[in-house]
Amino acid sequence: MSWRKRDAVAAETLTVDLGTETGPFHGGASGTLYGLYGDGVPSRAVVEGMYVRTVATKAQDGVQHPGADGLEILPSFVAAGGRDVYLYMTDILRGFPYEWPGATGEERLAGFKESIRKQVEQVLMMGELASHVVYVPFNEPEGNMFGEGEWSYDRTSWRTDPRHYFAAWRDVYRMIKDRHPDARIAGPNTCVLYPEIKGFLRFAKENDVLPDVITWHELSSPAEVRTNVAEYRAWERELGIGPLPVNLNEYAHNYHLSVPGQMIQWISAIEESKVDADMAYWNIAGNLNDSAVEANKANGQWWLFNAYGQLTGNTVAVTAPHPNVQYTLQGVATLDRDKRQARVLFGGADGAAEVVVERIDPDVFGATVHARLQEIPWTGQLGASGRPLVVREGELPVVNGRLALPLTGLDAMSAYQLILSPAGAPVSSPAGWRRTYEAEDAAYTGSGYAKNGPEGSPADVDKFATSGGHHVGGLRTGSDLVLTFGVEVPADGTYDLRVYANSHNQADLVREHGPTDVFLRVDGDDPRELRLPLGYKWAVWGHTDTTVRLTAGPHRITLAAQDPDLGATRGDAVVDRIELALRDTESLATYDALYAALGGGARVHGSAAVLPRGGTVTFWVHAEDDGEAAVTLAGEGEAVLTVNGEEIGAVPHTEIPLFLAGGVNQVTVTATSDRLVVDRLSVGPSRGLLPTTTYAAEDGELTGTAKVGSFSYATGGKAVDGVGHGPGNALTLTVTADRPGRHALTIRYSNGEQPPGTHYNPDPVCRHADITVNGDRTRRVLFPTTFHFNNFWQLAVPVTLQQGANTVTFTADELPDFDGVTKNTYGQRSAHAPVIDSVTVTPLA
């Protein structure tokens with residue numbers, strides 16, 4: 001579609017004024033509540049690539065939820081570029097409202113103060129890392145400790161009578177500061193910005209106990225973010241305090257989270273307000289609030305935050321067609337004069353719109369600009385996504401400092417990024433043909449059919465986002481349902497077919513067997529079995545992918561609960577939609593240095609990045625699966641390559657084979673010559689140059705309780721269970737390396753451990769394995785939930801192997817609390833390793 005011709009009359013106009021700068025880019029919206037389970041869940045690359053600025057999480061050894069212990073996540077989070085860990089000191093307790101022990105309010109508060117004293121002593125043991133901790137003494141005090149409920153201080157809300165809460169705040173504040181003079185303390189941490197907070201601020205000022213960071217929750221809308229931050233700033237001016245940093249440490253609902261088109265509306269409000277904010281924790285710990293998939297994969301929301309985190313320079317004024325109104329087109333934009341780039345992130349509306357960029361400085365951009373438009377689609381809460389799609393690209397004239405881009409076919413669930421740079425930038429191949437077909441529009445025959453919904457909507461934000469608002473059930477044990485999708489494709493070719501579906505892992509028909517299998521046919525032929533994805537609740541969407549060969553024209557794609565050649569469904573699934581995309585079998589995936597993350601004095605020059613010695617350019621590279629890829633760095637000069645923290649060594653400007661982990665890969669080029677020019681990084685398919693061998697776990701040496709078990713979806717139907725609960729219960733494999741050095745162990749595993757939760761959070765547990773190679777240093781590795789012991793995922797672990805035979809031993813035991821002695825009494829720390837199916841060994845390079 002041409003940029004130069006107005007294709008339709010735009011219904012809405014989003015105006016970006018590059019001449020009105022509104023301050024340095026802040027990046028505060030990328031915070032997370034309970035989003036990190038522990039080091040490796042999610043992976044370091046996923047955390048760093050999302051540019052997570054702040055984390056709110058539980059007190060160390062708290063029993064509110066499994067994982068996410070504040071001092072356990074602290075070192076790896078800071079190493080990944082994180083700034084602050086907000087310690088929810090109340091989450092040392094069980095239940096919500098918090099169940100603090102004691103017969104009277106005085107007893108309860110005294111016991112809690114003793115807990116706070118212990119928590120501060122633990123933080124001080126972290127050395128320099130303690131400076132990254134922010135203490136949050138009370139969480140939602142109006143509904144918990146100083147509310148009206150059973151577990152409150154005296155069943156009187158502090159909003160009615162604040163004396164006990166104010167006194168408790170004063171005493172706890174002083175106690176923390178006495179023990180940790182440099183401590184930062186955050187509060188009041190209410191669920192909304194109540195008017196009574198003004199009185200809290202007045203009391204805190206008079207008693208010299210003002211929070212170092214002001215916190216409250218915005219479980220509301222982006223409009224209220226702007227309004228409430230402005231109101232709070234007015235209170236500061238009136239009271240003569242601040243301005244203090246603000247963290248809105250819980251924001252957004254289930255309907256918003258995972259959906260780029262929804263989250264960009266929150267991001268724009270938070271960035272405009274120049275505050276920090278943490279996404280709310282409604283579901284499971286360790287997936288960055290429905291941004292990360294498995295340990296190392298990204299969904300659409302992650303790629304939105306990756307784009308947001310790479311904004312540089314100053315923000316500029318953006319005028320939306322409906323300013324400060326939720327569920328409409330909104331955006332945020334930056335101008336980086338040094339980089340000679342402007343970037344606009346926008347979304348939230350269907351159909352047609354016009355993006356107008358005004359006051360484009362000819363000294364920065366020239367008379368013609370290069371425009372790249374990318375789409376960041378929704379791929380479900382648990383559906384992995386590739387990098388953003390280039391949907392348009394070209395060079396456009398600037399007329400009187402203005403550029404108008406009419407757009408059609410916008411999807412309200414998608415976000416979009418427009419990047420403007422001077423003419424001459426490289427042009428990428430645009431994404432090919434794609435279409436979506438809703439399950440509720442499919443024809444059906446047979447028994448068990450149910451159209452479910454509506455799911456999440458602006459009127460019901462507690463429910464999950466669902467394409468079209470409805471989904472279809474009935475593909476289950478005992479059914480003979482057939483869903484028929486009528487599709488039409490434009491050309492002969494291979495098409496990627498993606499089925500968006502869900503099975504609740506705790507449902508009666510799913511709990512016993514695991515993933516639900518259904519049967520696919522195209523025009524009645526080519527039968528195949530598909531295993532649909534599991535989730536932590538109903539209507540939590542992932543996708544199962546396959547390819548189909550289609551000729552131009554109409555076709556019938558069926559999903560059935562029975563197939564005459566393959567059998568019958570076991571389980572219970574719901575289907576949201578299918579998606580077809582014409583596969584590009586020719587192009588390499590290219591990552592232009594012009595748009596990459598630059599460091600160490602690297603700068604953009606023309607269509608390339610120019611690096612001084614020690615300068616860096618970082619690419620966020622997507623790989624479908626663990627394994628070899630053919631990687632080429634185009635440019636001039638000398639450099640070393642680092643992939644996911646592993647230094648590969650000097651890199652030639654020719655194709656080299658590299659191991660990439662399935663999902664997100666952080667690929668950093670560092671200049672070792674005085675001048676390095678980097679044009680692009682290209683990634684192609686494997687050439688079969690890295691020797692790869694897979695070892696079945698059941699062929700290893702088993703000791704103690706470790707045993708071979710039957711798992712229908714394991715390779716060959718068998719895997720090793722019972723590893724852990726002590727080092728004597730172990731699996732040892734002998735693996736062979738053709739050469740010494742760093743290798744990837746790709747472990748195929750399952751983990752379905754899930755103790756009872758306390759409320760709406762399902763609370764699955766990450767198991768861990770202590771992995772020892774050749775009897776040397778042991779490395780502890782976390783394995784996220786796969787939602788069932790018969791559902792297998794892969795996790796790549798780098799290790800050093802010697803040439804020839806190597807022994808790799810897996811053990812596990814329950815981890816103690818911070819003191820090294822006591823243990824969790826609620827089953828929130830597993831003593832077991834995951835079920836292990838196989839281990840594949842591949843050199844990293």
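Two exercises on a predicted model follow, each with a worked solution.

Residues are numbered from 1 along each chain as its sequence is written, and side-chain values use heavy atoms, with hydrogens and water left out. Because the model is predicted, local features need pLDDT of at least 70 and side-chain atom pairs count only at pLDDT 80 or more, while totals for chains, interfaces and linings use all residues.

**Exercise 1.** Determine how far helix 2 (residues 70-79) is enclosed, and by which elements.

*Solution.* Helices are DSSP runs of H or I with at least four residues, strands are E runs of at least two, and both are numbered from the N terminus. Next, apply the burial cut-offs: buried is under 20% relative accessible area, exposed over 50%, partly exposed in between (1.4 Å probe, protein chains only). Seven of the 10 residues of helix 2 are buried, so the rest of the structure largely encloses this helix. Among them are Leu71, Ile73, Leu74 and Phe77. The buried residues pack, by contact (heavy atoms within 4.5 Å), against helix 1 (44-49), strand 3 (54-58), strand 4 (84-88), helix 3 (105-124) and strand 5 (133-136). After helix 2 comes glycine 81, with a positive phi near 95°.
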